[in-house]
Amino acid sequence: MAMGRPIWWWPTPAPGNVISVLLGNGDGTFQVEANFTAGMNPQSVVVGDLNGDGVLDLAVANIESGDVSVLLGKGDGTVLTALNFAVGSGPKSGPASVAIGDFDGDGVPDLAVANSGLGGVPPFETGNISVLLGKGDGTFQSAVNFAAGTNPFSVVVGDFNGDGVPDLAIANFGSNNISVLLGNGNGSFQEARNFSVGIGPMSIATGDFNGDGVPDLAVANFHSNDVSLLLGKGDGTFQTAISVSVGNGPFSLAVGDVNSDRALDLLVATADGVSVRLGNGDGTFLPPRIFPAGFDPVAVAVGDFNGDGVPDLAVANLNALDASVLLGNGDGTFQAALNFGVASNPISLAVGDFNGDGLSDVAVANFRNVSVLLNNTVSPRRVAVAIKPRAAGNRIDPNSTGHIRVAILSVNGFDATTVLAETVRFGPTGTEAAPIDVVVRDIDGDGTVDLVLRFAIDETGIRCGQKSAVLKGRTSGGELVQGSDFIKTIRCKQ
């Protein structure tokens, strides 16, 4: 059993039920701006456009008040007054997780809520799953309940049998299993099929971990200190769970490709920090590496928070009363945590663009409020890039073990030599290869010196058929730069 991390605790209530908005400083840091009212003890927050106006909204599961709050966004990072919708079988339903999907095929977002039965005060209920069909205007029909396992604590949406209809997968904390409810396409679901996992499953996520095109499931097990990996068979059933060790007291997990190798990785909030297990693409993972966050990390989300094109992590630290941002290095490692105060006992995270500026913001569900962190990162400067300067055609053999030169040109008053070579990455997304060496010379004969970098082709991630490549970096003054050029791949089998 995990030590130093009680599974059920109720912190001292903070004044009011408000949402804090934090504005970014453009470098992955944030500052407080405003507060908004929410429900009682928010446990989970998700992001989606719930009223079809093109602006992201928030849905929040409130474990103590037995309801879901919908906060419709205004498009400027602020929200309207919360609309609350009852879920479960009563005030002790204890909604612990909420997810968004179109369960009746009408093109309108619906909500699925895992009711743990652990809200309020004992005696606790066993819980169920509530489905609230959307009306298209940000309001919802009355909840319809479906049985799952005991104390369902987390819910995720996916098409697990390949029929094009959304299904539900639920982590059942009280029965040490997961339930899969296949959708009928009309808002109803088939009877749950259960699959054993570790002890105390608290969080569930989906992704294709072995590259077969079939959705798999990953489950964070609080008491057995591992993640259960269940590889999908494509028919809504799953293979026997594989135990993946991650560290002490895993509370929640996220999925993402944090080293740009096109294989999904596991990011797990544990008592010791964020446990990162890089995927090999075949359902196996490299050994875990722990990156410290604040005190008692309980949730993690992936996003690019400083605009460099590299995945970063946001972490909710339950007993530190703050959230951490860990800026990514692009290779699956992360810089030291930057911590920012939120209101009280943060427990869930979601990423989205709440003010329409194209940048990743963060919503944090706390025990007595929800915080929204707005990102003000400046877009990168567009710079002129020449792949294989002085050579015609930009021809690249993706299977070569050789090298390729890429120049950042000094044009339009921009001095390319101010770009720090150690920050530069080059490849299909601009997050792949680091330069092997760099020289300064006038490569285009215009009388100004340029920056010419050399990369190993097999490290760039360029594949047959790709038509362009991107270079990203940062100047000595901290300005982000980005440029691209066309390529033509050769010696590729048709």
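Colleague: Let's start with Val60: buried or exposed?
Modeller: Val60 counts as buried, because its relative accessibility is 0%, and the cut-off for buried is under 20%. Keep in mind that this is a predicted model.

Colleague: Which strand is Val60 in?
Modeller: Val60 belongs to strand β4, which covers residues 57–62.

Colleague: And what does Val60 touch, leaving out residues up to four places away in sequence?
Modeller: With those left out, Val60 touches Pro42, Ser44, Val45, Asp67, Val68, Ser69, Leu71, Val98 and Val370.

Colleague: Let's switch to Pro435. Where is that one found?
Modeller: Pro435 is in the loop that runs between β34 (425–427) and β35 (437–441).

Colleague: Which residues is Pro435 in contact with, beyond its neighbours within four places?
Modeller: Pro435 is in contact with Ala421, Val424, Leu453, Arg454 and Phe455. As for Asp49, it is 386 residues from Pro435 in sequence and 41 Å away in space, C-alpha to C-alpha.

Colleague: Let's zoom out. How many helices and strands are there in the protein?
Modeller: The protein has 1 helix and 39 strands. Its radius of gyration is 24 Å, close to the 23 Å that the globule rule gives for 494 residues, so the protein is as compact as a globular protein of that length.

Colleague: What box do the C-alpha atoms fill?
Modeller: Along the principal axes, the box is roughly 80 × 50 × 45 Å.

Colleague: And how much of the protein counts as buried?
Modeller: Of the 494 residues, 56% are buried. The protein exposes about 18600 Å², and carbon and sulfur atoms supply 51% of that area.

Colleague: What about the second largest pocket, what is its volume?
Modeller: The volume of the second largest pocket is about 330 Å³. Among its 19 lining residues, Asp308, Val310, Gly328, Thr423 and Arg474 are the closest to the centre. β37 (468–474) and β38 (480–486) each supply at least two residues of this lining.

Colleague: How does the lining of the second largest pocket divide by class?
Modeller: It has 4 nonpolar, 10 polar and 5 charged residues.

Colleague: Last topic: how many cavities of 30 Å³ or more are there?
Modeller: The count is 3, and the largest cavity has about 50 Å³ of space.

Colleague: Which residues line the largest cavity?
Modeller: The lining is made of Leu56, Asp57, Leu58, Gly73, Gly77, Thr78, Val79, Phe354 and Val372. By class, that is 5 nonpolar, 3 polar and 1 charged.

Notes
Residues numbered from 1 in each chain as written. Predicted model: local features only at pLDDT ≥ 70, side-chain atom pairs only at ≥ 80, totals over all residues. Heavy atoms only, no water. 1 Å grid on protein atoms, 1.4 Å probe; cavity = no way out; pocket = protein on both sides within 12 Å on 5 of 7 lines; lining within 4 Å. Points joined across faces, edges and corners; volume = space filled by probe spheres on them. Nonpolar A, V, L, I, M, F, W, Y, C, P; charged D, E, K, R; others polar. Helix = DSSP H or I, 4+ residues; strand = E, 2+ residues; numbered from the N terminus. Rg over C-alpha atoms; globule rule 2.2 N^0.38 Å. Buried < 20%, exposed > 50% of the residue type's maximum accessible area, 1.4 Å probe, protein only. Areas by Shrake-Rupley, 256 points an atom, 1.4 Å probe, with all protein chains shown as cover. Contact = heavy atoms within 4.5 Å.
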